[in-house]
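Thank you all for coming. I would like to walk you slowly through one structure today, so please have a look at it first.

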Amino acid sequence: MQLYQEQTIRVHNSLTGKKETFVPINEGHIGMYVCGPTVYSNVHLGNCRTFMSFDMIFRYFRHLGYKVRYVRNITDAGHLVDDAEDGEDKIAKKARLEQLEPMEVVQRYTVDFHNILEKFNFLPPSIEPTATGHIIEQIEIIKDILEKGYAYEVNGSVYFDVVRFNESNEYGKLSGRKLEDMIANTRELTAQDDKKSPQDFALWKKAEPEHIMRWPSPWGDGFPGWHLECTAMSTKYLGETFDIHGGGMDLKFPHHECEIAQAEASNGKSPVKYWMHANMLTLNGKKMAKSTGNSILPGEIFSGENDILSKPFSPAMVRFFMMQAHYASILDISNDALLASEKGFNKLMDSMNSIKLLPVGNKTDFDIEAWRQSCYDAMNDDFNTPILIAKLFDAVKHINLIKEGSETITQKDKELLLETMQNFVLDILGLEDKQGSSVDSEKLSGVVELLIQLRKEARENKDFTTSDKIRDQLAELGIQLKDGKEGTTYSL
Ligand SMILES: [Zn+2]
């Protein structure tokens, strides 16, 4: 008997807009595909949130005893600047600007991506395929779509014929758009355009002579369109129809809409049973964007080297912060929100670590079995981690009452309490602190705050020898003090 046979999960399916009972295509097995990063820059914190949501979902399925094949790709070709249909490949552009081989760019940022995800305690996916490793598969799908009459070739490029596809299928069903409205709201094609309709998208693009990333094809040298790689890799590893396809909300249109069209055009089947979309992360109430300076990298949060936060925060703490919001809600990150969340995180971890030392009695004053099921109920309801965390804090309250002697617990229930807390906190939420314990970082933070206070008092007394000594010796230990209008902060 596996746990999944006792628990019924309900999932919000973006395709139907409804919460549906989750029933995998093959009992006991789950195929899940998530669109991975385009590796031309350091991984964005908002992308980390998306991947973390699917890491939590992957962890929960595994905990329930499902055999999960989780595929998350690496986009190392074909993704054009501004997600546009024309223009430069993101990787090729970066390679040109930095005078690197495109594969050097790919390697550098793939390593960065893996490093950050490891700090956040992600489980590796089952398969992590690359677009450049699947050019042959992509060419085969294009041939298939051409043969079925849903694509056309012009001057060495191949485009998907959206108007023709929409005659027999429904283009726009995932994002809730109508083709007529899309056509009415787009500019007219110019004479230079090869496309028949502005909604058509590239399956294969002819490479101009200066284009450095290129492969031979039946239509001449070129490179695949961005949307195609996900269809090729998901079909290859998960089959023509699989259980879950996930990604960020911003990928719903056009990327995922195009994936559905490509799959239906090539094999006549709807590719995905449940589409799931994770929502975005804002910073201080505004959209994160490098161009406006309203942006922070994960590594800058861990080290404290930034102008936005007052102190460093550990990856496990940031993970806890993200898990306090439902994956489908917008989450805002700010210094105050992180500070408040850190208090809760330390309380939860301390409480879990103190269970082993609790005294035992001959009765238990709270219903552990019912509480345990309420934790599963939270996760079963579309992976509602904020509710789960509230349930975990119910246990913290009882743990404190037992410590004070106002409640008791039996040995058997104490073991079940410990196992359940560890299952949910460590295995499912993934809150294992890989960078030393949270208690250590809390103590360090307390000591640095004390020294900042002593230095402030020394300066007020004009004892600059002492204040400089505190600053310099902390700097020697790798702790930088920063004086600002709001007081002194530090980074590691
Ligand atoms: Zn994709």
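**Domains, a sheet and a core**

The protein chain is divided into domain 1 (3-278), domain 2 (282-428) and domain 3 (438-491), with bounds that come from an automatic or database domain assignment. Residues are numbered from 1 along each chain as its sequence is written. Please keep in mind that this is a predicted model, in which local features need pLDDT of at least 70 and side-chain atom pairs count only at pLDDT 80 or more, while totals for chains, interfaces and linings use all residues.

Let me begin with domain 2 and domain 3, whose centres, taken over C-alpha atoms, are separated by 29 Å. Between them, 13 residues of domain 2 are in contact with eight residues of domain 3, contact being defined as C-beta atoms, placed from the backbone, that lie within 7 Å. On the domain 2 side, the elements that give two or more residues are helix H10 (315-323) and helix H11 (335-353), and the largest share, four residues, comes from H11. Helices here are DSSP runs of H or I with at least four residues, and strands are runs of E with at least two, numbered from the N terminus.

Turning to the sheet, we find an open arrangement of four strands in the order S5-S6-S7-S8, with antiparallel pairing, where two strands pair if DSSP finds at least two bridges between them. Its edge strands, S5 (151-154) and S8 (222-224), each pair on one side only. Strand S6 (residues 157-160) and strand S7 (residues 201-206) are joined in the antiparallel sense over three bridges, and Val 158 stands opposite Trp 204 in S7.

Which residues have the most contacts inside the largest nonpolar core? They are Ile 142, Ile 145, Ala 151, Phe 160 and Leu 203, in a core of 117 residues. By nonpolar core I mean a set of buried Ala, Val, Leu, Ile, Met, Phe, Trp, Tyr and Cys residues joined through C-beta atoms within 7 Å, and a residue is buried if 20 or more other C-beta atoms lie within 10 Å of its own, exposed if 12 or fewer, and partly exposed in between. Helix H1 (residues 45-63) gives the most to this core, with 10 residues, and at least three residues are drawn from each of domain 1 and domain 2. Leaving aside neighbours within four places in sequence, Ile 142 is in contact with Ala 151, Val 158, Leu 203 and Trp 204.

Notes:
Two residues are in contact if their C-beta atoms, placed from the backbone, lie within 7 Å.
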